[in-house]
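Thanks for coming. I have one structure to go through today, and I will give the cut-offs as the terms come up.

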Amino acid sequence: MPDHAVPSPVSARPAARPLTGRIAVPGDKSISHRALMFGALAVGETAITGLLEGEDVLRTAAAMRLLGAEVERLGEGRWRVAGRGIGGLTEPEDVLDMGNSGTAARLICGLLAGHPIFAVMTGDASLRRRPMKRVTEPLAATGAVFRGREGGRLPLAIEGARDPLPLDYVLPVASAQVKSACLLAGLCAPGTTRVVEREATRDHSENMLRHFGATVRVAAEGAGRVIELDGQPELVAAPVAVPGDPSSAAFFAVAALLVPGSRLVIENVGLNPLRTGLFDTLREMGATLTIENPRTEGGEPVGDLVAEGSALRGVEVPAERAPSMIDEYPVLAVAAACARGQSRFRGLAELRVKESDRLLGTAEMLEAAGVRCAVEGDDLVVEGCGGQPPGGGTVRTRMDHRLAMSGLVLGLASRDGMRVDDGAFIATSFPGFTSLMNGAAGAGSIG
Ligand code: S3P
């Protein structure tokens with residue numbers, strides 16, 4: 001895996017023609033991580049299709065191998081995992097290096113908490129800056145011990161619990177990663193693990209646990225949910241068909257909406273309602289964004305997303321919607337920059353602890369394109385240009401794949417194009433982004 005030591009600048013020219021045709025984006029990152037992890041904990045062989053082969057997920061695959069599971073690539077997106085059974089993971093011989101991936105790091109902390117083994121975990125400079133206490137504090141109640149740097153940051157030394165206790169935890173932040181870490185630890189503990197979230201977050205862990213045979217009860221409570229998992233189930237291997245990632249489809253959907261005359265079909269996109277806040281918001285902005293061929297695959301709703309060039313207007317996005325579109329604000333900000341009128345996105349504190357300070361990074365990206373915007377408390381306010389923004393600037397990637405891809409979409413939609421200082425991080429979640437965009441928007445659009 002590249003160490004990203006050498007930056008690799010990339011540019012987007014203003015789109016020379018509308019985006020047309022049919023494309024498919026790579027597999028969902030959240031579901032891909034979980035398929036490998038639950039496969040490693042199941043008894044039997046899990047066959048995965050459509051796995052995202054981005055660097056983040058490959059880190060999870062490598063970690064599962066180091067923990068004793070058999071993980072084999074059979075072909076493009078086709079993987080086989082021979083699991084060890086709950087409690088069956090073994091001590092890794094080497095440091096678990098989770099690269100740029102917060103999801104891998106936090107979920108694996110949960111998985112390790114319930115195993116009586118010692119492990120050391122690290123990551124790249126971005127991940128080593130990110131808060132880990134949000135998982136290590138609740139997980140310590142299982143009996144696991146975590147020793148990290150100041151602020152609980154990576155590298156971490158982890159000693160899993162010999163007799164893990166079940167957790168009963170109210171999430172202080174809306175985070176599917178924290179919820180999932182608690183549930184993974186709960187698999188190894190006797191009795192019921194209970195997690196309460198005040199706002200519903202993506203439920204791929206709950207869905208996949210059920211798919212592998214665990215008993216998970218979910219009850220609505222206000223805007224949130226109470227999730228209960230019966231501990232020490234026998235997880236039985238089950239096939240997983242990973243749908244296309246809606247967070248990756250977002251870049252193509254927004255690009256097609258912003259380039260007049262476009263009509264782009266993005267096939268087989270995951271449409272879990274806890275992930276589709278961006279699509280709802282874009283429709284509120286006046287986007288022609290429709291779903292064809294809706295169906296359910298592997299317990300998750302999927303469909304073909306059709307995006308057509310649309311004149312957008314500004315929008316106000318309430319804080320409650322943030323969990324269902326938390327990764328999509330940078331590209332939504334690009335849409336808002338091209339819309340008519342002001343947009344305000346409320347309650348974005350969590351963006352400050354993503355792969356970068358994404359709130360600051362998004363604002364700087366817009367400013368580099370000559371778009372007026374402001375961070376007001378935890379809100380982002382964008383003054384739309386009512387058409388093409390000037391462009392002509394350079395986006396600082398900040399080791400953040402989503403800022404890089406958003407900057408390139410901004411370039412396509414702008415008058416003078418945009419540069420991105422390091423496109424290499426795109427490979428963490430979206431290998432093949434550039435060639436797919438050049439196929440949809442015309443050769444040489446990005447390079
Ligand atoms: C993810 C949850 C989100 C999201 C991340 C993937 C997951 O993080 O930003 O890209 O797979 O559970 P939080 O749950 O911490 O908000």
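R153 is partly exposed, because its relative accessible area is 27%, and partly exposed here covers the range between buried, under 20% relative accessible area, and exposed, over 50%, with a 1.4 Å probe and protein chains only. R153 sits in the loop between β8 and β9. Helices (H or I, at least four residues) and strands (E, at least two) are DSSP runs, numbered from the N terminus.

Before going on, the model is a predicted one: local features need pLDDT of at least 70, side-chain atom pairs count only at pLDDT 80 or more, and totals for chains, interfaces and linings use all residues. Residues are numbered from 1 along each chain as its sequence is written, and side-chain values use heavy atoms, with hydrogens and water left out.

Back to R153. Not counting residues up to four places away in sequence, R153 touches R128, R129, R130, P131, M132 and G148, where contact means heavy atoms within 4.5 Å. The C-alpha atoms of R153 and K133 are 7.4 Å apart, and these two residues are separated by 20 residues along the chain.

The loop between β8 (145–147) and β9 (156–159) also holds P155. The peptide bond from L154 to P155 is cis, and its omega is near 0°.

Next, backbone angles. Which residues other than glycine have a positive phi? N268 is one of them, with phi near 55°, and M399 is another, with phi near 60°. N268 belongs to strand β15 (residues 263–270), while M399 is in the loop between β22 (394–395) and α12 (401–413). At a relative accessible area of 23%, N268 is partly exposed. A glycine with positive phi, G213, comes after α7, and its phi is near 100°.

Now helix α7 itself, residues 204–211, whose buried residues are H204, S205, E206, M208 and L209. What covers these buried residues? The cover includes helices α1 and α6 (176–188), along with strands β12 (216–221), β13 (224–230), β14 (240–241) and β17 (300–308).

Take α6 from that list. The axes of α6 and α7 come within 9 Å and cross at roughly 25°, which means α6 is roughly parallel to α7. Axes are lines fitted to C-alpha atoms, for helices over the stretch in contact, and angles run from 0 to 180 degrees between N-to-C directions. Angles under 35 degrees count as roughly parallel, over 145 as roughly antiparallel, 65 to 115 as roughly perpendicular and the rest as oblique.

On the α6 side the contact is made by K179, S180, L183 and L187, and on the α7 side by S205, E206 and L209. These residues divide into 3 nonpolar, 2 polar and 2 charged. For that count, Ala, Val, Leu, Ile, Met, Phe, Trp, Tyr, Cys and Pro are nonpolar, Asp, Glu, Lys and Arg are charged, and the others, Gly among them, are polar.

Two residues of α6 deserve a separate word. S180 lies in helix α6 and is buried, at 1% relative accessibility. Leaving out residues up to four places away in sequence, S180 touches R34, L107 and S205.

L184 is also in helix α6, and at 1% relative accessibility L184 counts as buried. Its contacts beyond four places in sequence are M37, F38, L41, L107, G110 and L111.

Helix α1 (residues 29–41) and helix α2 (residues 55–66) pack at an angle of about 5°, with axes 9 Å apart, so α1 is roughly parallel to α2. K29, S32, H33, L36, M37 and A40 in α1 meet D56, V57, T60, A61 and M64 in α2.

Last, the whole chain. How many helices and strands does the protein chain have? There are 13 helices and 23 strands. The radius of gyration, taken over C-alpha atoms, is 21 Å, close to the 22 Å from the globule rule for 447 residues, so the protein chain is as compact as a globular protein of that length. The rule is 2.2 Å times the number of residues to the power 0.38. Along its principal axes the C-alpha trace spans about 60 × 45 × 40 Å. Buried residues make up 60% of the 447.
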